[in-house]
Amino acid sequence: MTRYEELWREGVRRVTAGYALLSRADREQVDRLCRSMVARKEAMQALVARVDAASHCAGCGGACCVKGKYHVTPVDLVVYLATGAELFAPLFDNGLCPYLAPEGCLMPPGYRPFNCITFNCELIEDQLPEEEVALFYLWESELRESYRQLRALFPDRSADGPLLKD
Ligand code: SF4
């Protein structure tokens, strides 16, 4: 097993244990926060899809997805647990972002990490009307706050920090 596979397994174990230790009230709050984060991320993706973000990404080859090894955090794993979604298996030997499969990101938009869903390159952002850019960044700050609240609900800081490191 490679070092990254070990770190991934340990991260999944740590987050699953932390989730199991939550009180009923905290778990309900975590689950609510997770569902709202998924909906918010889907709305952000839908907003950029209106200016055909997918074809811009295909046109440049998805350069921002090449080295995304550290984007997935414990909180992103919590969202999988809280919503009952099936967790993917990273591709640590693909030489790129380990969550990038030939057909695209292994995570649907509502589950993608904060850095991925909130990043717009200028090719996309320049085509959005000003008020939609403002809305996008308002949602980004709300999403950042949801991540903060979610981390704070976990005992022993078990949802803090990175999953992978060099
Ligand atoms: S996690 Fe997904 S969206 Fe983010 S860089 Fe990797 S492939 Fe791209």
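Modeller: I begin with contact: two residues are in contact if their C-beta atoms, placed from the backbone, lie within 7 Å. Leaving aside neighbours within four places in sequence, Val38 is in contact with Val79, Thr83, Gly110 and Tyr111. The model is a predicted one, in which local features need pLDDT of at least 70 and side-chain atom pairs count only at pLDDT 80 or more, while totals for chains, interfaces and linings use all residues. Residues are numbered from 1 along each chain as its sequence is written.

Colleague: What makes Val38 count as partly exposed?

Modeller: A residue is buried if 20 or more other C-beta atoms lie within 10 Å of its own, exposed if 12 or fewer, and partly exposed in between, with C-beta atoms placed from the backbone. Val38 has 18 C-beta neighbours inside 10 Å and therefore counts as partly exposed. Val38 is found in helix α2, where helices are DSSP runs of H or I with at least four residues, numbered from the N terminus.

Colleague: Why is Arg24 called exposed?

Modeller: Arg24 has 7 other C-beta atoms within 10 Å, so Arg24 is exposed.

Colleague: Which class does Arg32 fall into, and why?

Modeller: Arg32 lies in helix α2 as well. The count for Arg32 is 11 C-beta neighbours inside 10 Å, and therefore Arg32 is classed as exposed. From Arg32 to Ala49 the C-alpha distance is 26 Å, at a sequence separation of 17 residues.

Colleague: What makes Tyr4 partly exposed?

Modeller: Tyr4, in helix α1, has 17 other C-beta atoms within 10 Å and is therefore partly exposed. Leaving aside neighbours within four places in sequence, Tyr4 is in contact with Phe92, Pro98 and Leu164. Tyr4 and Leu164 are 160 residues apart in sequence, yet 6.5 Å apart in space, C-alpha to C-alpha.

Colleague: Why is α2 called roughly perpendicular to α4?

Modeller: Helix α2 (residues 24-49) and helix α4 (residues 74-83) pack at an angle of about 105°, with their axes 9 Å apart. That angle makes α2 roughly perpendicular to α4, since 65 to 115 degrees counts as roughly perpendicular, under 35 as roughly parallel, over 145 as roughly antiparallel and the rest as oblique. The axes are lines fitted to C-alpha atoms, for helices over the stretch in contact, and angles run from 0 to 180 degrees between N-to-C directions. The contact is formed by Val30, Asp31, Cys34, Arg35, Met37 and Val38 of α2 with Val78, Val79, Ala82 and Thr83 of α4. By class, this contact has seven nonpolar, one polar and two charged residues. Here Ala, Val, Leu, Ile, Met, Phe, Trp, Tyr, Cys and Pro count as nonpolar, Asp, Glu, Lys and Arg as charged, and the others, Gly among them, as polar.

Colleague: How do you know that α4 is mostly covered?

Modeller: Seven of the ten residues of α4 are buried, namely Pro74, Val75, Asp76, Leu77, Val78, Val79 and Ala82. These buried residues pack against α1, α2 and α7 (130-153).

Colleague: What is meant by the largest nonpolar core, and which residues have the most contacts inside it?

Modeller: A nonpolar core is a set of buried Ala, Val, Leu, Ile, Met, Phe, Trp, Tyr and Cys residues joined through C-beta atoms within 7 Å. The largest has 22 residues, and those with the most contacts inside it are Val30, Cys34, Val78, Val79, Leu150 and Ala159. Helices α1 (3-21), α2 and α4 each supply at least two residues of this core, and α4 gives the most, with five.
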